[in-house]
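Subject: Structure for your review

Dear colleague,

Please find below the sequence and the structure that I am handing over to you. A summary of the findings follows, arranged by topic.

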Amino acid sequence: MPKRVAIIGAGASGLTSIKCCLDEDLEPVCFERSNDIGGLWNFQEQVIDGRPSIYKSLIINTSKEMMCFSDFPIPEDYPNFMHNSKIMDYFRLYAEHFNLMKYIRFKTNVCTITERTDFSSTGQWDVVTRDIEGNLETSTFDAIMVCTGHHSSPHLPLDSFPGIEIFKGQYMHSKDYKQPMVFEGKRVVIIGIGNSGGDLAVEISRHAKQVFLSTKRGAWIVSRLAGKGFPGDMIYNRRINNLFALSTISWLIERDLNKRFDHVNFGLKPRHRRESSSN
């Protein structure tokens, strides 16, 4: 009999894990607590505790040429950098092409995973799940693949902001952000200059009275596109880069970035070097 594999989560990692198990003649069972595939990329109007959340305008910062699954190219008519709805369309095409949906049990929570009493000899696990009606079920598996991602719990260190308890304005984590209209005519401070911070600063600035973008250590400001309009991750992540020292690659990338946006002039040059990366 084929070995049984429990896969937790039906997002990008969960779907590909099902496919890989089938390729190896294993028997996958995927547990997904929502009613659909997609994980992080499944946009919802409401924020749900314990689940990742994205904003409506979100566009991925990895090109389709670099992010596509190796066994299923993204359709040619899709844009280089896809809106979250297009990513979901791609996931559905992938799941349909490889007939993955029948291996997924939706609206099912994984409650516990424990080693069986004979684990030392069998290597098997007991998995307790609960369906939407509250029914518990225990199943035995030979392996577990946890594909739940890491964007479910927001980091909101309020202790780092003395006086926040008497602040009369609104504060929120980017996980709770959906659309910019709620900031119409307001003065807004966005703390953090990562991908989400940059996106939100631009989008909210079109509605707010004024937007401040706060960064502790500076950052390298990277466009999705590099020279001649090619996706940046295609240009900066090439095999030829392995022929040069890391310091040389960093210098070349930083030189290109400063041609477009001089980081010293704007007080944004960070202490860390810019290495080859898609972000």
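**Findings**

Thr129 has Glu137 of strand 6 standing opposite. Please bear in mind throughout that this is a predicted model.

**The antiparallel sheet**

Strand 5, which covers residues 125–131, is joined to strand 6 by six bridges, and the two strands run antiparallel. Both belong to an open sheet of three strands in the order 4-5-6, where the pairing is antiparallel. At the edges are strand 4 (108–115) and strand 6 (136–141), each of which pairs on one side only. On average, neighbouring strands of this sheet are turned by 25° against each other, with direction ignored.

Strand 2 and strand 3 are paired in the parallel sense over two bridges. Within strand 3, Arg105 is the bridge partner of Phe31.

**The chain as a whole**

The chain contains seven helices and nine strands. Taken along the principal axes, its C-alpha atoms fill a box of roughly 65 × 55 × 40 Å. Of the 279 residues in the chain, 33% are buried.

**The largest nonpolar core**

How many residues does the largest nonpolar core have? The number is 36, and the residues with the most contacts inside this core are Leu15, Ile37, Trp41, Phe91 and Ile204. Two or more residues come from each of the following elements: strand 1 (4–8), helix 1 (12–23), helix 3 (84–97), strand 8 (187–191) and helix 5 (195–205). Helix 3 provides the largest share of the core, namely six residues.

**The second largest pocket**

The second largest pocket holds about 350 Å³ of space. It is lined by 19 residues, of which Ile235, Tyr236, Leu252, Ile253 and Asp256 are the closest to its centre. Helix 6 (232–236) and helix 7 (246–260) each supply at least two residues of this lining. Helix 7 gives the most, with seven residues. Sorted by class, the lining of this pocket has 12 nonpolar, three polar and four charged residues.

**The cavity**

The structure has one cavity of 30 Å³ or more. The space in the largest cavity is about 60 Å³. Among the residues that line the largest cavity are Leu40, Phe43, Val47, Arg51, Pro52 and Lys178. By class, the lining of the largest cavity divides into six nonpolar, four polar and two charged residues.

Most residues other than glycine have a negative phi. Against that background, two residues deserve attention. Asp25 is not a glycine, yet it has a positive phi of about 60°. This residue is placed in the loop between helix 1 and strand 2 (27–31). Is Asp25 buried or exposed? Asp25 counts as exposed because its relative accessible area is 62%, and the cut-off for exposed is over 50%.

Lys228 likewise has a positive phi of about 60° although it is not a glycine. Its place is in the loop between strand 9 (210–214) and helix 6. With a relative accessible area of 84%, Lys228 is exposed.

Why does Ile193 count as partly exposed? The reason is its relative accessibility of 22%, since partly exposed covers the range between the limit for buried, under 20%, and the limit for exposed, over 50%. Along the chain, Ile193 and Arg217 are 24 residues apart, and their C-alpha atoms are separated by 9.4 Å.

Yours sincerely,

A colleague

Methods. Residues are numbered from 1 along each chain as its sequence is written. This is a predicted model: local features need pLDDT of at least 70, side-chain atom pairs count only at pLDDT 80 or more; totals for chains, interfaces and linings use all residues. Side-chain values use heavy atoms; hydrogens and water are left out. On a 1 Å grid over the protein atoms alone, a cavity is a set of points where a 1.4 Å probe fits but cannot get out, and a pocket is an open set with protein on both sides within 12 Å along at least five of seven lines; lining residues have an atom within 4 Å of a point. Grid points are joined across faces, edges and corners, and a volume is the space filled by probe spheres set on the points. Helices (H or I, at least four residues) and strands (E, at least two) are DSSP runs, numbered from the N terminus. Ala, Val, Leu, Ile, Met, Phe, Trp, Tyr, Cys and Pro count as nonpolar, Asp, Glu, Lys and Arg as charged, and the others, Gly among them, as polar. Two strands pair if DSSP finds at least two bridges between them. Axes are lines fitted to C-alpha atoms, for helices over the stretch in contact, and angles run from 0 to 180 degrees between N-to-C directions. A nonpolar core is a set of buried Ala, Val, Leu, Ile, Met, Phe, Trp, Tyr and Cys residues joined through side-chain atoms within 4.5 Å. Buried means under 20% relative accessible area, exposed over 50%, partly exposed in between (1.4 Å probe, protein chains only).
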